[in-house]
Amino acid sequence: MPFFRSLLFYPVFYGFSALMVIASVLAIPFGREALKKVVLQWGGWHLWCVQNILDITIVQEGSIPDEPVLIAVKHESFFEAIDMPRLFRYPTVFAKRELFWIPGWGISAKIYGLIPVARDKGARALREMIATAKLRVAEGRPLIIFPEGTRVEHGDEPPLQSGFAGMYKLLGLPVVPVAVNSGPLYHRLVKQPGTITYRVGATIPAGLPRAEMERRVHRAINVLNSGESIPTGTLPVGA
């Protein structure tokens, strides 16, 4: 059954996504609100496909803030990257620069407010990202970052990228760590049914020494690797 569900998921989700990319470009002349609506619809469509085609339940433990904070998210698959516009009201996501080369999607992403990450450009690129991030903070938007820098296998706990500590220091924002265990179900050709959990950690204040901040973030975003059970009373998303 997972094979046939996945076989249906790819053309249904990605086929409609191609139309949504076109819709996002067409929405640009009508202003930011029109573009936001298209992006939100795309996120909602992804959630529907995940729940109804792949038979995956999404659970959220804890409240995710929708304000100017730095939100550090574990990155195990494309699931959480696609899900961010739905999970937050109007997020700014740090995304790798190569994604902005996708025709149509790239221009929509820039206008929506995503920030390209050029990991090979050093301090200059970091300064540019910080300047752009401060503009988004002034708009009241949360900043979403995958502090490990790339997708990792479930259970792997690599050190955080050095640029993350630089952003924490220069932006002066508290950090909200978010663990997610999407890898075993979603990061595979034949996706599996089951439950993907978001677990929101305690807010980490601004101004901590680098080592202390990194220790707290690293521990919090990897908490689901232990396979801890979901607390009683936690509701699935959309329930």
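Buried means under 20% relative accessible area, exposed means over 50%, and partly exposed lies in between, with a 1.4 Å probe and protein chains only. The model is predicted: local features need pLDDT of at least 70, side-chain atom pairs count only at pLDDT 80 or more, and totals for chains, interfaces and linings use all residues. Residues are numbered from 1 along each chain as its sequence is written, and side-chain values use heavy atoms, with hydrogens and water left out.

**Exercise 1. Aromatic pairs**

Task: Find how many aromatic pairs there are, and describe the pair formed by Phe13 and Trp42 and the pair formed by Trp45 and Trp48.

Solution. 
- Step 1. Apply the rule: rings of Phe, Tyr and Trp (its six-membered ring) pair if their centres lie within 6.5 Å; planes under 30 degrees apart are stacked, over 60 edge-to-face, and the rest tilted. The count comes to 14 aromatic pairs.
- Step 2. Phe13 and Trp42 are stacked, at 6.2 Å centre to centre and with 25° between the planes. Phe13 lies in helix H1 and Trp42 in helix H2, so this pair ties together parts that are 29 residues apart in sequence. Helices here are DSSP runs (H or I, at least four residues), as are strands (E, at least two), and both are numbered from the N terminus.
- Step 3. Check accessibility: Phe13 has a relative accessible area of 0% and is therefore buried.
- Step 4. Trp45 and Trp48 are also a stacked pair, at 5.5 Å centre to centre and 5° between the planes. Both lie in helix H2, 3 residues apart, about one turn of the helix. An α-helix has 3.6 residues a turn, so residues three or four places apart point the same way. Trp45, at 22% relative accessibility, is partly exposed, and Trp48, at 42%, is partly exposed too.
- Step 5. Collect the cluster: Phe9, Tyr10, Phe13, Tyr14, Trp42, Phe79, Tyr186 and Tyr198 form one aromatic cluster.

**Exercise 2. Salt bridges**

Task: State how many salt bridges the structure holds, and work out which residues are joined with Glu139 into one network.

Solution. 
- Step 1. The criterion is a side-chain nitrogen of Lys or Arg within 4 Å of a carboxyl oxygen of Asp or Glu. The structure holds 11 salt bridges.
- Step 2. Arg32 and Glu139 meet at 3.6 Å, N to O. Arg32 is in helix H2 and Glu139 is in the loop between helix H5 (122-138) and strand S5 (143-145), 107 residues apart. Arg32 is partly exposed at 39% relative accessibility, as is Glu139 at 35%.
- Step 3. Glu139 also forms a salt bridge with Arg141 (3.4 Å, N to O). Arg141 is buried, with a relative accessible area of 1%. Shared partners join Arg32, Arg136, Glu139 and Arg141 into one network.
- Step 4. Asp83 is buried at 0% relative accessibility, and Arg86 is buried at 18%.

**Exercise 3. Helix H4 and the residue after it**

Task: Identify the buried residues of H4 and describe Gly113.

Solution. 
- Step 1. In H4 (residues 105-112), Gly106, Ser108, Ala109 and Tyr112 are buried. They fall within an arc of 165° seen down the axis, so they line one face of the helix; the arc is that of the directions from the helix axis to the C-beta atoms.
- Step 2. Their cover includes helix H1 (2-27), helix H2 (32-52) and helix H3 (78-87).
- Step 3. Gly113 is buried at 1% relative accessibility. Leaving out residues up to four places away in sequence, Gly113 touches Thr92, Arg136 and Arg141.

Note on methods: Contact means heavy atoms within 4.5 Å.
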